[in-house]
Amino acid sequence: MSDQAKLDVVRAYPVWDATTRWFHWINVLCIVGLLAVGVVIFNAGALGVSGEGKVALKTVHVWIGYVFAINLLWRIAWGFVGNRHARWSAVLPGGRGYGRALLDYLRGVRAGDPPAYRGHNPVGRLMVAAMLLLLINQCVTGLVLAGTDLYFPPFGHLFLEWVAPAGASGEQLAGLKPAQSALLDADAYAAMRNFRKPFIELHELGFWGLLIAIPLHIAAVVITELRERSGLISAMFSGQKVFSREPRD
């Protein structure tokens, strides 16, 4: 076989395992749902949503958030036990030789011939790190806000005990609704609301961060697919990429 013929042979390489693919699409659905409901909550006043309606929206937001959080925690764990391309050592930036690989990749992009990678390329690993930080921020701050706003698990009982009036029974606390602040210890309730303010700010910053990061991520995937023709998009369905040369990893 001639050298040119060898270059024209396309070979499929297994990359993303089933767990990684399931995480990705569950995460996509959760984020779309959370952003959509979050936008309505954020604009509840302008949309004329009632107080009860806003509580209902927040409840839906939290339940989607639980699915999102469980899925994210599972992916974090899978990063330690999954296949070689799912592990954090291959997904996040850093490690031996990463800086050199990043420079080589950028030089290849400039020359119009970037090195092929089965997993994430060095630039893609930077995007994964940014997205992961945003997702973790939304997960942690969201769970805290669910506890302070709706008294939902896993932190809701702690905040209820904080704001409960002296002598309140467990039954009274269990039946407490979010809007019944008049039944709580006023000073403790005010302190709890002050405690949650930084979490609200971080959650909103994460919201705007995702609105910026998601289009950038999609654009980068499309551009990489058009440039490299490796089946990057279809790989999140099939688990395989295709190359006409040996990938670096």
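The following exercises, with worked solutions, concern a predicted model of a protein chain.

**Exercise 1.** Determine how many helices and strands the protein chain has, and in which order its elements run.

*Solution.* Start with the count: the chain holds 11 helices and 2 strands. Next, read the elements from the N terminus, which gives α-β-α-α-α-α-α-α-α-α-α-α-β.

**Exercise 2.** Describe helix H10 from its N-terminal cap to the residue that follows it.

*Solution.* Begin at the cap. Asp185 caps the N-terminal end of H10, with a side-chain oxygen 3.2 Å from the backbone nitrogen of Asp187. Then take the span: H10 covers residues 186-228, 43 residues in total. Its first and last C-alpha atoms are 61 Å apart, close to the expected 63 Å at 1.5 Å a residue. Now examine the axis, where a kink of about 30° is found at Lys197, shortly before Pro198. Finally, Arg229 follows H10 and has a positive phi, near 55°.

**Exercise 3.** State what percentage of the residues of the protein chain count as buried, and what its accessible surface comes to.

*Solution.* Of 249 residues, 39% count as buried. The accessible surface is about 14400 Å², with 66% belonging to carbon and sulfur atoms.

Conventions: Residues numbered from 1 in each chain as written. Predicted model: local features only at pLDDT ≥ 70, side-chain atom pairs only at ≥ 80, totals over all residues. Heavy atoms only, no water. Helix = DSSP H or I, 4+ residues; strand = E, 2+ residues; numbered from the N terminus. Expected span 1.5 Å × (residues − 1). Bend = angle between axes of the 7 residues up to and from the residue. Polar contact = N/O pair within 3.5 Å; in protein donor to acceptor, adjacent residues only side chain to side chain. Buried < 20%, exposed > 50% of the residue type's maximum accessible area, 1.4 Å probe, protein only. Areas by Shrake-Rupley, 256 points an atom, 1.4 Å probe, with all protein chains shown as cover.
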